[in-house]
Amino acid sequence: MAVLKTSVLVLDSTDPEPLARFYATLLGATVQPAGDDHDLLLVSGHAGVVLGIRRDLGQAPPSWPRPEDSQQAHLQILVAPDALDEAEREAVSLGARPIAAERDGTRTDRRTDVRRYTDPGGHAFVLATMSPADSGPPSQRS
């Protein structure tokens with residue numbers, strides 16, 4: 001019998017409270033301490049915990065992208081194709097730093113549909129459009 005498990009991606013941060021607030025606001029979620037672990041904050045949305053932010057006083061911001069090993073862990077936030085510009089404005093207004101914008105060739109209007117950022121702590125994340133089926137995979141994986 002399999003043991004019941006759950007998982008959450010955890011980002012390290014020297015100052016986890018503002019980073020947790022950034023993601024909570026961006027994702028329309030809430031922030032709660034993780035039980036007895038005073039160094040871990042959980043960002044939870046309507047479907048449950050989506051992200052953890054852990055205090056690590058020795059954490060150094062990631063260097064991204066690095067050409068020698070460009071495939072690194074990052075968050076991918078999916079939005080409807082017609083909401084990408086609004087999601088970008090919201091992310092930047094909260095402190096996200098734009099890195100790159102790309103097209104996967106599926107749009108006829110020549111607009112980008114994958115946009116890369118770093119959060120205020122330097123962690124990579126992507127805003128990407130969802131497939132037309134709403135719940136399917138993104139139009140481009142990164």
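1. Helices (H or I, at least four residues) and strands (E, at least two) are taken here as DSSP runs, numbered from the N terminus. On that basis, Val-8 lies in the segment before β1 (10-13).

2. The model is predicted: local features need pLDDT of at least 70, side-chain atom pairs count only at pLDDT 80 or more, and totals for chains, interfaces and linings use all residues. Residues are numbered from 1 along each chain as its sequence is written, and side-chain values use heavy atoms, with hydrogens and water left out.

3. The protein chain contains two helices and eight strands, in the order β-α-β-β-β-β-α-β-β-β from the N terminus. Of its 142 residues, 35% count as buried, that is, under 20% relative accessible area with a 1.4 Å probe and protein chains only; exposed means over 50%, and partly exposed lies in between.

4. Strand β1 and strand β4 (residues 48-55) run parallel and are joined by four bridges; two strands pair if DSSP finds at least two bridges between them. Val-10 has Gly-52 as its bridge partner in β4. Leu-11 and Ser-13 make up the covered face of β1, whereas Val-10 and Asp-12 make up the uncovered one.

5. Val-8 counts as partly exposed because its relative accessibility is 34%. Together with Val-10 and Val-49, Val-8 forms a nonpolar surface patch with about 190 Å² of accessible area.

6. Among contacts (heavy atoms within 4.5 Å) in the protein chain between residues at least 6 apart in sequence, 55% join residues at least 24 apart.

Note on methods
Patches are made of residues with over 30% relative accessible area and no salt bridge: like charges are joined within 9 Å, nonpolar side chains (Val, Leu, Ile, Met, Phe, Trp, Tyr) within 5 Å. Accessible areas come from the Shrake-Rupley method with a 1.4 Å probe; for residues, only the protein chains shown count as cover. A salt bridge is a side-chain nitrogen of Lys or Arg within 4 Å of a carboxyl oxygen of Asp or Glu.
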